[in-house]
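Subject: Structure handover

Hello,

Here is the structure for your files. My notes on it follow below.

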Amino acid sequence: MLNDLITFINDVLWGQWQVLIVLLVLAGLWFTVRLGAVQFRHFGHMFTLIRGSTQDDQNGISSFQALCTSLSARVGTGNLAGVAMAISVGGPGAVFWMWIIALLGMATGFAESVLAQVYKVRDSHKEFRGGPAYYIQMGLGSRWLAILFSVCLFLGYGLFFSAMQANTITDALNNAYTIKTHYSGLIITVAAGLIVIGGLRKIARFAELVVPVMGVLYVITALAITIMNYQLVPDMLMQIVQSAFGLQEAGAGALGAAIKAGIQRGLYSNEAGSGSAPHAAAGASPRPNHPATQGYIQMLGVFFDTLVLCTCTALIILLAGTSGSGEMTGIRLTQDAMTHHIGGFGLHFVSIAISLFAFTSVVANYAYAQSNLRIFNLDTKAGNIGYTIAYLTMVFWGSNASLKEVWGAADMALGLMTVVNVTALILLTPTITAVSKDYFRQRQAGKTPSFSKDNCPVQGNVEPGIW
């Protein structure tokens, strides 16, 4: 019965109705236009804001830690297993549509992270909290919609996503080293528990240490493989474009599969529009002190995640001359491709990479869901203990569940979250554009941007004493 319900909801969201594909493309186009193509026009400015982004204060994490935390949630199975699934189901053309949804999604990611900063609050520990539920409740004055989003978030990031990440780790380790899944699952669960009990600051510090190192090593490996196979690159790029537009033998059916698989897995990887990254963005003490700063920082996260890291995985797979068998082969396709390029060490490299990528996602997912306990008035000792037990239970369960079962539940939760969040973003567009233009004007005038709600009125109410 439950599987039938999940299948029905996914069919509405991702299947023949393709509600989410249309919604995300339109949202990306909407914010690209309303924000003056900020992701292209201010592309270089994203990188300049990284300088000085390591500073924080007692109320929040640094902008760099917020970027690493959001990347630790983004950079996971979507980058290795998800790309492999997209190529298996949609062919090489799925990679092209992953790029497109990422470019559009950068504007959506900018918009949602700006709102997260505007409507953030201080919790009982004087740390910043925020996210879609907060800007829905404070900006739109809609508590029921905020609760609906939080429920979807708890199902997704609090439960199913962490289970799915753990599933991919145990599958990779079982394939490489024949380690029984319940053993590796137990280790993952205990390790995650030791980190998450330290709260957002400990999770952010962990992400700050791990994410840059593993990202750089993965990119260097992919570049080395590309250089070794440089003569195959032109044909590979032609294959991606032809497959993306259904110009190969399979025709229209392949076109639909490529678009659906690329956008679905692209969203799962970069999360733009889903409402997840705003939780990390809200926790930051931005430099300069303006909400738009985190818009740029999190927009950079979408770029790194999909246009850099997912592309690296696609290169590794396609340059190996394989695109899967049409089944959701997941991480094993990436392992086989890496083994093709660099021999037996490739299997070990991917196993270690996916374990680190996915594990950082597991701990970041906890922080996202935990920040929403306040929406249910459960930000208490008992509430935190209860949520932590449920989260760790799902991590262990996911380690031993079937791949199809876990991915289906994750797709449903992500889809429902995205529908609610994008709806809120559209309704809050006046605030997004006003705050963004305030930043643009100050920067154009040669000033260091700073924000005051008195000089830039926003919808609804903001937390007193923050802006």
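Tyrosine 387 is buried at 7% relative accessibility, where buried means under 20% relative accessible area, exposed over 50% and partly exposed in between, with a 1.4 Å probe and protein chains only. Before the rest, two notes on the source. This is a predicted model, in which local features need pLDDT of at least 70 and side-chain atom pairs count only at pLDDT 80 or more, while totals for chains, interfaces and linings use all residues. Residues are numbered from 1 along each chain as its sequence is written, and side-chain values use heavy atoms, with hydrogens and water left out.

Aromatic pairs

The structure holds 22 aromatic pairs; rings of Phe, Tyr and Trp (its six-membered ring) pair if their centres lie within 6.5 Å, and planes under 30 degrees apart count as stacked, over 60 as edge-to-face and the rest as tilted. One of them joins phenylalanine 154 and tyrosine 387, edge-to-face, at 5.6 Å centre to centre and 80° between the planes. Phenylalanine 154 is in helix α9 (residues 143-177) and tyrosine 387 in helix α18 (residues 381-400), so the pair ties together parts 233 residues apart in sequence. Helices here are DSSP runs (H or I, at least four residues), numbered from the N terminus. Phenylalanine 154 is buried too, at 16% relative accessibility.

Another pair, tyrosine 296 with tyrosine 439, is tilted, with 5.4 Å centre to centre and 45° between the planes. This pair links distant parts of the chain, with tyrosine 296 in helix α15 (residues 291-318) and tyrosine 439 in helix α20, 143 residues apart. Tyrosine 296 is buried at 0%, and tyrosine 439 is buried at 1%. Ring pairs also link Phe154, Tyr366, Phe376, Tyr387 and Tyr391 into a cluster.

Salt bridges

The count comes to 2 salt bridges, each a side-chain nitrogen of Lys or Arg within 4 Å of a carboxyl oxygen of Asp or Glu. Arginine 441 pairs with aspartate 438, with the closest N and O atoms 4.0 Å apart. These two residues are 3 residues apart in helix α20 (residues 429-444), so about one helical turn separates them. Aspartate 438 is buried, at 9% relative accessibility. Lysine 453 forms a salt bridge with aspartate 454, with 3.7 Å between the closest N and O atoms. Lysine 453 is partly exposed at 33%, whereas aspartate 454 is exposed at 62%.

Threonine 189

Threonine 189 lies in helix α10 (residues 181-196) and is buried, with a relative accessible area of 12%. The side chain of threonine 189 reaches the backbone oxygen of glycine 185 at 2.7 Å. Leaving out residues up to four places away in sequence, threonine 189 touches Leu392, Val395 and Phe396, contact meaning heavy atoms within 4.5 Å.

Positive phi

Most residues other than glycine have a negative phi. Alanine 37 has a positive phi of about 55°; alanine 37 is in the loop between α2 (19-34) and α3 (38-41) and is partly exposed at 23%. Glutamate 271 has a positive phi near 65°, in the loop between α13 (252-270) and α14 (277-282). Glutamate 271 is buried at 3% relative accessibility.

Regards

How values were computed:
A polar contact is a pair of N or O atoms within 3.5 Å; within protein, one must be able to donate a hydrogen and the other to accept it, and residues adjacent in sequence count only if both atoms are side-chain atoms.
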